[in-house]
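This briefing is meant for someone meeting the structure for the first time. Please look through the sequence and the model before reading on.

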Amino acid sequence: FKNATFKACMNKLYRSSPPDILTASHPKLAAVNSESYQVLNDILGTIKEVNSYPPKIMQTIPFYVKTAGSKSPIKIDLLINTPGGDCRKVFQRTFEQFFVTAGILKKQEKFDWGTDYFPNEVGTISAPSDAPADNRSA
């Protein structure tokens with residue numbers, strides 16, 4: 001079983017809570033989602049930059065999502081509480097729990113950050129740990 005990527009999970013989230021489609025039937029909920037996506041994109045922007053980590057964050061970001069069993073969008077809060085610095089494990093747990101609640105991942109499923117998030121320093125190539133030191137390339 002291959003883990004879903006974070007990007008794929010975010011695409012599923014967007015398809016289940018698009019502000020433009022919600023506007024016709026639920027304009028207030030659409031406005032909340034639109035604002036929530038802006039806040040989330042600002043946070044995610046910091047983990048897309050090379051060698052950049054988010055500051056300490058304590059924030060509740062509400063989303064109205066249509067799940068498989070719901071006729072109307074239901075409110076699901078993304079609770080971000082990170083210590084700042086390299087907190088990818090905290091982010092991982094936070095988003096996995098949120099994606100499970102939103103019906104995007106099944107319980108116990110994981111996702112992979114892929115190459116877009118938490119990138120390493122540009123130009124750095126990690127050699128396998130069993131390679132001789134003089135054969136490593138940079």
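In which loop is proline 55 found? Proline 55 lies in the loop that runs between α3 and β2, and the model in which it is seen here is a predicted one.

**Proline 55 and its surroundings**
- With a relative accessible area of 54%, proline 55 counts as exposed, because the cut-off for that class is over 50%.
- Once its neighbours within four places in sequence are set aside, proline 55 is in contact with Thr82 and Gly84.
- Glycine 85 is 30 residues away from proline 55 along the chain, yet the C-alpha atoms of the two are separated by 6.4 Å.

**The largest nonpolar core**
- The largest nonpolar core has 28 residues, and those with the most contacts inside it are Phe6, Phe95, Phe99 and Trp113.
- At least two residues of this core come from each of α1 (6-16), α3 (27-46), β2 (57-65), β3 (74-82) and α4 (88-101).
- Leaving aside neighbours within four places in sequence, phenylalanine 99 is in contact with Phe6, Cys9, Met10, Ile104, Leu105 and Phe111.

**Two residues with positive phi**
- Most residues other than glycine have a negative phi.
- Glutamine 108, in the loop between α4 and β4 (111-112), has a positive phi near 75°, and its relative accessible area of 67% makes it exposed.
- Phenylalanine 118, in the segment after β4, has a positive phi near 55°, and at 6% relative accessibility this residue counts as buried.

Conventions:
Residues numbered from 1 in each chain as written. Predicted model: local features only at pLDDT ≥ 70, side-chain atom pairs only at ≥ 80, totals over all residues. Heavy atoms only, no water. Core = buried A, V, L, I, M, F, W, Y, C linked by side-chain atoms within 4.5 Å. Buried < 20%, exposed > 50% of the residue type's maximum accessible area, 1.4 Å probe, protein only. Helix = DSSP H or I, 4+ residues; strand = E, 2+ residues; numbered from the N terminus. Contact = heavy atoms within 4.5 Å.
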